[in-house]
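Here is a short walk through one protein chain. Keep the viewer open as you read.

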Amino acid sequence: MTPERESTRERTPAGATATTRTRVRLDQPRAPRRRLLPEWDPEAFGRLSERIARFLGTGRFIVWMTVVIVLWVVWNVSAPHNLRFDNYPFIFLTLMLSLQASYAAPLILLAQNRQDDRDRVNLEQDRKQNERSIADTEYLTREIAALRIGLGEVATRDWIRSELQDLMKELEHRTDGHHEHTVFPAERSRGRDVDDR
């Protein structure tokens with residue numbers, strides 16, 4: 001063994017690391033950590049970016065931006081020299097427009113990403129609804145087919161009527177030919193009862 005390893009073993013007795021470390025209690029919330037960056041609500045920031053992106057895509061924004069640029073140029077061309085803040089090459093105007101464009105592009109992309117997420121969720125819900133509709137349609141189709149098959153086996157009113165008419169004709173035919181010899185079962189039982197007494 002190397003001397004360095006032996007010396008570290010001697011310094012830390014067994015179980016010493018467990019006693020020096022603070023124990024974390026799971027029944028209590030952790031203390032909040034300090035953050036270097038400010039915190040913000042992503043949902044609120046997304047809604048704000050969508051509002052800005054919607055405004056940037058309107059004619060009102062183009063009109064206001066055109067008015068501001070025209071006033072900027074007219075002021076810096078026609079105002080007295082000591083009141084001009086951006087002379088002819090309009091470098092400050094170029095800087096302001098590029099700054100506005102550099103913020104507008106990410107805000108528009110963020111708004112498009114949020115819209116894509118909403119569209120994806122709507123598409124998924126529509127797909128699930130379509131699957132349920134297809135399953136319901138298939139179920140109803142099977143039920144209708146089963147009812148049709150079942151109706152093929154069910155006796156209808158016309159069929160029962162025709163069967164009863166056939167039975168009535170058969171009974172009339174039998175009673176006409178064998179009327180004298182036929183004894184109804186009720187008469188036979190009465191006779192038996194009398195004989196039995």
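Start on the surface. Helix α5, residues 91-153, gives the most to a nonpolar patch, with 5 residues. The members of the patch are Trp75, Leu83, Phe85, Phe92, Leu95, Met96, Leu99 and Tyr103. Together they have about 820 Å² of accessible area. Patches are made of residues with over 30% relative accessible area and no salt bridge, where like charges are joined within 9 Å and nonpolar side chains (Val, Leu, Ile, Met, Phe, Trp, Tyr) within 5 Å. A salt bridge is a side-chain nitrogen of Lys or Arg within 4 Å of a carboxyl oxygen of Asp or Glu. Areas come from the Shrake-Rupley method with a 1.4 Å probe, and for residues only the protein chains shown count as cover.

This is a predicted model: local features need pLDDT of at least 70, side-chain atom pairs count only at pLDDT 80 or more, and totals for chains, interfaces and linings use all residues. Residues are numbered from 1 along each chain as its sequence is written, and side-chain values use heavy atoms, with hydrogens and water left out.

Now the loop between α4 (59-78) and α5. Leu83 lies there. Leu83 is partly exposed, at 46% relative accessible area. Phe90 is found in this loop too. Phe90 is buried, at 13%. Buried means under 20% relative accessible area, exposed over 50%, and partly exposed in between (1.4 Å probe, protein chains only). Phe90 also has a positive phi of about 50 degrees, although it is not a glycine.

Next, the largest pocket. About 220 Å³ of space lies in it. Its lining consists of Phe61, Met65, Val68, Ile69, Trp72, Leu93, Met96, Leu97, Leu99, Gln100 and Tyr103. The largest share, 6 residues, comes from α5. A pocket is an open set of points on a 1 Å grid over the protein atoms alone where a 1.4 Å probe fits, with protein on both sides within 12 Å along at least five of seven lines; lining residues have an atom within 4 Å of a point.

Finally, the whole chain. It has 7 helices and 0 strands. Helices (H or I, at least four residues) and strands (E, at least two) are DSSP runs, numbered from the N terminus. Buried residues make up 8% of the 197 residues. The accessible surface comes to about 18,700 Å², and 60% of it belongs to carbon and sulfur atoms.

Terms used
Grid points are joined across faces, edges and corners, and a volume is the space filled by probe spheres set on the points.
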